[in-house]
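Me: Hi! Could you walk me through how some helices pack in this protein, and then tell me about its pockets?

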Amino acid sequence: MTEFHYVPGVLPTMLATTRRQRAKDALFIPTLVPYFRPGPILEIGAGCGQLSELLAARGLDVTPSDVQPFLVDFMLSRGLQARIMDATDLVSGIDRHYTNVLAQSISVLITPDLELVEETYESVHAALPAGGRFIFILPNLWGEHWSRARDHLRIADRAGFDLVHRFRHQILPSVLYSQLPGAVLRAADGSLGRLLGIRWVFIFERRPAAGVERPAIADAGSED
Ligand SMILES: C[S@@+](CC[C@H](N)C(=O)[O-])C[C@H]1O[C@@H](n2cnc3c(N)ncnc32)[C@H](O)[C@@H]1O
C-alpha cells in the first residue's frame, strides 16, 4: 500500500475541512443521488465519512470505507457501518454485492502516479457488476499536482468503463454555502458551476464483457 501521510494527527484538520464543506455537500448530494443505480453503494477512501453520512440520511444503503483504521474507527463512532478497505484491492476485502462505488478525492486516484490510478480503476472495475456505476469526484484546482481529467477518461476507458456523464461542480468558496440562499447557490452551481466548478464529477458505468448482454438494471439516473 502506498502511504499518503494520513495519520491520526491529521484528523482535526480533516474534520475542520469537513465542517467547512458541510453546507456545500448538503446542497450537492441531491444533485448526485439520481446518478446511482438502485442498490448498495460502497464509498472508498471516505475519510471522515461525511458524504456517506449525508447519503445514509436520505435512506440510501451506503457503506463507507477507508484504508486507514483510525478513519474507520472515527466513522464507526459516528454510527456509520464503516469498513477497512484498500481501494487498490477491493475484491479481496469486499463483503457483499455493490452496484455503485463512490469516491471523492481519494489519494490513489488524485495522485499524478498514473500507474496507481490505473490499478485503482482496475480494482473498482473488478468489484462492480456489468452496468454498475463508479462515481468519482476529482478536484480541479489550478496549480495542484493532481491527475488530470483527460488521464481519467483514458484510463477509465481502458479499464472497461463507459463515461455516462460528466460535469463540474462548486463555483463558490465552501464558506459561502452556509451564508447564501439555497436557490441562489443552486442557480450558480447549475449554470457557471457546471462549466467552471472546482471539481469534476465523472459518472462511469462498467461495460458488459464482450458478447454478454447488458443486465437489466433499472435506470435511476439522467444521462446525456
Ligand atoms: C483527500 S482524503 C479524501 C477523504 C474524503 N473522500 C473526502 O472527500 O473528504 C484522501 C483519502 O484517501 C484515503 N486513501 C489513501 N489511500 C487509500 C487506499 N489505498 N484505499 C482506500 N483509501 C485510501 C485516505 O486515507 C484519505 O481518507
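Reply: Happy to! Leu114, Val117, Glu118, Tyr121, Glu122 and His125 in H6 meet Asp151, His152, Arg154, Ile155, Ala156, Arg158 and Ala159 in H7. Contact means heavy atoms within 4.5 Å, and helices (H or I, at least four residues) and strands (E, at least two) are DSSP runs numbered from the N terminus. This is a predicted model, where local features need pLDDT of at least 70, side-chain atom pairs count only at pLDDT 80 or more, and totals for chains, interfaces and linings use all residues. Residues are numbered from 1 along each chain as its sequence is written, and side-chain values use heavy atoms, with hydrogens and water left out.

Me: How many charged residues are in the contact of H6 with H7?
Reply: Ala, Val, Leu, Ile, Met, Phe, Trp, Tyr, Cys and Pro count as nonpolar, Asp, Glu, Lys and Arg as charged, and the others, Gly among them, as polar. On that basis, the contact of H6 with H7 has six nonpolar and two polar residues, and the charged ones number five.

Me: Are H6 and H7 parallel or oblique to each other?
Reply: The axes, lines fitted to C-alpha atoms (for helices over the stretch in contact), have angles that run from 0 to 180 degrees between N-to-C directions. Those of H6 and H7 (residues 149-159) come within 9 Å and cross at roughly 45°. Angles under 35 degrees count as roughly parallel, over 145 as roughly antiparallel, 65 to 115 as roughly perpendicular and the rest as oblique. H6 and H7 are therefore oblique.

Me: Which residues of H3 make the contact with H1?
Reply: H1 and H3 (residues 69-77) pack at about 50°, with their axes 12 Å apart. Leu11, Met14 and Leu15 of H1 meet, on the H3 side, Phe70, Leu71 and Phe74.

Me: Which element gives the most to the lining of the largest pocket?
Reply: On a 1 Å grid over the protein atoms alone, a pocket is an open set of points where a 1.4 Å probe fits, with protein on both sides within 12 Å along at least five of seven lines; lining residues have an atom within 4 Å of a point. The largest pocket is lined by 46 residues. With five residues, the top contributor is H1.

Me: Which residues lie nearest the centre of the largest pocket?
Reply: The lining divides into 22 nonpolar, 17 polar and seven charged residues. Nearest the centre lie Tyr6, Gln104, Ser105, Ile106 and Ser107.
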